[in-house]
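Please open the structure in your viewer and keep the selection tool at hand. The stops below say what to select next and what is there.

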Amino acid sequence: MELKNYFVESAETKKNFIEQNAEKLEKIVGLVINALENWNKLLIAWNGWSAADAQHWAAELIWRYKLERRSLPAIALTTDTSILTAIWNDYGYDVVFEKQVEGLGQEWDIFIWISTSWNSENIIKAIKKAKEKWLITIWLTWKDGWKMDELLDYNLIVPSYNTPRVQECHMTIYHTICEEMENRMFSK
């Protein structure tokens, strides 16, 4: 394959995504802005190598994306090794996010899960706990979206099974949310 084809695939995946999800993404941008303007927080969780993306997104909210502005409340639930290993050691990995949502989540916070895997019991439990506590739940995933729809308020499905292209699109999605949030909240 020619090198340029990777870039074409990435661009096509993003183009297909936005054609199918523009209205839904706009709604989610509005929800995130509303939450942050009201001092609610984003609780962001991922499994595996995508855990670094949770930290990336939280850092862009706490520190900045592009604009110098006040810090915004966001927590990557993948970063506190003491919490993660204590829960994992005593109760198992299935509840590492659920217990954090229970302790940190407040009504109208937003719980965001981004994944290219479907059967993560730890995320299913965290989503159920988030719904119990009246958090808004958002899932960024890949083609076919599995059976999580009935548990979630919103999902953004990237129409592909190509994991690297889906992850690139996920990054574009959360960068778009960050940029729109900064433009609408702070560029006045």
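Select Met1, which counts as exposed because its relative accessibility is 63% (buried means under 20% relative accessible area, exposed over 50%, partly exposed in between, with a 1.4 Å probe and protein chains only). Met1 lies in the segment before helix 1 (3-37), where helices (H or I, at least four residues) and strands (E, at least two) are DSSP runs numbered from the N terminus.

This is a predicted model, in which local features need pLDDT of at least 70 and side-chain atom pairs count only at pLDDT 80 or more, while totals for chains, interfaces and linings use all residues. Residues are numbered from 1 along each chain as its sequence is written, and side-chain values use heavy atoms, with hydrogens and water left out.

Select Trp108 and Trp134, whose ring centres are 6.3 Å apart with planes at 55°, so the pair is tilted. Trp108 is partly exposed, with a relative accessible area of 45%, whereas Trp134 is exposed at 53%.

Then select Trp142 and Tyr161, whose ring centres lie 5.7 Å apart with planes at 80°, so this pair is edge-to-face. Trp142 belongs to strand 4 and Tyr161 to the loop between strand 5 (154-158) and helix 6 (163-186), 19 residues apart. Trp142 counts as buried, at 13% relative accessibility, while Tyr161 is partly exposed at 42%.

Finally, select Trp46, Trp57 and Tyr174, which ring pairs link into a cluster.

Methods. Rings of Phe, Tyr and Trp (its six-membered ring) pair if their centres lie within 6.5 Å; planes under 30 degrees apart count as stacked, over 60 as edge-to-face and the rest as tilted.
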